[in-house]
Amino acid sequence: MEVKFYNSYTNKKEIFKPLNPENVKIYSCGPTVYNYAHIGNFRSFIFSDVLRRSLKLLGYKVNHTMNITDIDDKIINASISEKISIEEFTSKWTKVFFDDIETLNIEKVEQYPKATEYIDEMTIFIDKLKENNLVYEKDGSIYYSIKAYENYGKLSKIDVSGMKAGARYDSDEYTKEDARDFVLWKQTKLDGEKFWDTKHGKGRPGWHLECSAMIRKIYSSGIDIHTGGIDLLFPHHENEIAQTCGAYPHEHFVNMWMHCEHLLVEKQKMSKSLGNFHTLRSLVEKNIKPSSIRFLLLSSHYRTKLNFTFQSLDDAEKSVSKIQTTLDRILTCLNYDLSNLKDSGKMEESIQNFLESLADDLNTPKAIGIVFDQLKTINFRLDQGNTDKSELNEYLFFFQKINLLFGFLSFEKAKEEILDDEVLKLIEERNTAKKEKNFALSDKIRKDLLEKGIILEDSQAGVKWKRK
Ligand code: AMP
Ligand code: ZN
């Protein structure tokens, strides 16, 4: 199947040709661990999860890296004000991040390198850039001179010709419009600030450098796909290219750049600085199911802006419930026996269409449309009441396949149904006890069940039960 992705470097949909289909190398810019990530951040992480899961569904093997930025201005300031070490501060927030991605069923990737573990590689990078005359020193810090790199602006198509030479930027916060020399090594300024004593002086790396250094160290021969949110395209990714291709001009770096659009709130980007954000946890506390959030974020195409509303979360919950309810119907008919799962090709066309949608630049809305069409057919067949095991197993196969993308479907009995079984078993035990005139046991079972919220009623037709 031909796989096409939109490459932000060429602004075209291109056929995806990995260097090695058995080892597709993906790098995704990850979180800065200083606070709870908001669901705008998770839009970009769910996008890279959809990419990863789609490639696997399409038959590729992937090796995926996501960096953890565990040193920057915000982290330094927050750890100083909390009077704890950077390590203590960032390990707390890194754990929060991992818990959150688990909540959202985001697959773990193969590597999560931390910036602070790559200082040596970053030092080597600066050496290389020095050798190639692309850097200069000012007041103890080292800057990249973007005028000296002739290909600067090729990704973002930004014109740097009018830029004032030597305009510097040494913060970790950048705006979209700033095309300035950026800091590679930042001299220590604050008292008590974390620093590394390297040949480039006492300081810490600029934010852009970690991604170049990690990609070089983990995938020496470059990567197939680099992802991030659209706001990272410039200057972060432009600067990554300047660093890597400036230091190693004759080597391969990235084949395809893929960027995901923003999650908006009333037409503005959801962001910490605007204060218009919802963290995953704040939504879960409002009893919103993580599956609704995951569905909402993956159901719109990654290259379109998505406006967040609570109504859209409600709609997402209904959609998830429709899919799960149909699956539950099948599972009930099969008595939750998953052992005869088979693919005799009956669902081939639907599965093929589903995969083709993903192969077409991750067209998740189309893929979901195919699932809903299929749900109609399946529910119609179930309503007819004459499906046999083999047909049901085919449907189950379809659900297992689509869940490799969705990740939120459950193939087990819901808790309540497990309880139903337990109740029935206890009622049987109670009947036996009564027959054997063991009234103490029979009364005990009735009492135990009452404590669990189950009321037993003895009638002529046998024992009936209901929930309190
Ligand atoms: P940060 O933790 O701030 O470095 O951001 C992590 C990721 O979230 C980056 O890829 C950003 O581009 C992405 N991101 C931030 N805000 C949004 C948003 N509102 N919608 C989509 N992605 C976002
Ligand atoms: Zn990055």
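**View 1. The largest pocket of this predicted model has a volume of about 1,200 Å³.** A pocket here is an open set of points on a 1 Å grid over the protein atoms alone, where a 1.4 Å probe fits, with protein on both sides within 12 Å along at least five of seven lines, and lining residues have an atom within 4 Å of a point. Of the 45 residues that line the largest pocket, Asn41, Lys74, Asp231, Leu232 and Lys269 are the closest to its centre. By class, the lining of the largest pocket has 19 nonpolar, 15 polar and eleven charged residues, and at least three residues come from each of domain 1 (4-260) and domain 2 (265-406).

**View 2. The second largest pocket holds about 360 Å³ of space.** Of its 15 lining residues, Lys289, Pro290, Ser291, Val320 and Phe408 are the closest to the centre, while the lining as a whole has four nonpolar, seven polar and four charged residues.

**View 3. The zinc ion (ligand 2) is coordinated by Cys29 (SG), Cys211 (SG) and His236 (NE2), at 2.0 to 2.2 Å.** Donors are N, O and S atoms within 2.8 Å of the metal (3.2 Å for Na, K and Ca), and sites may look incomplete because water is not among the atoms. Cys29 lies in the loop between strand E3 (24-28) and helix H1 (39-57) and Cys211 in helix H5 (residues 207-218), so the pair ties together parts that are 182 residues apart in sequence.

**Notes.** Residues are numbered from 1 along each chain as its sequence is written, and ligands are numbered from 1 in the order in which they are written. In this predicted model, local features need pLDDT of at least 70, side-chain atom pairs count only at pLDDT 80 or more, and totals for chains, interfaces and linings use all residues, while side-chain values use heavy atoms, with hydrogens and water left out.

Key: Helices (H or I, at least four residues) and strands (E, at least two) are DSSP runs, numbered from the N terminus. Grid points are joined across faces, edges and corners, and a volume is the space filled by probe spheres set on the points. Ala, Val, Leu, Ile, Met, Phe, Trp, Tyr, Cys and Pro count as nonpolar, Asp, Glu, Lys and Arg as charged, and the others, Gly among them, as polar. Domain bounds come from an automatic or database domain assignment.
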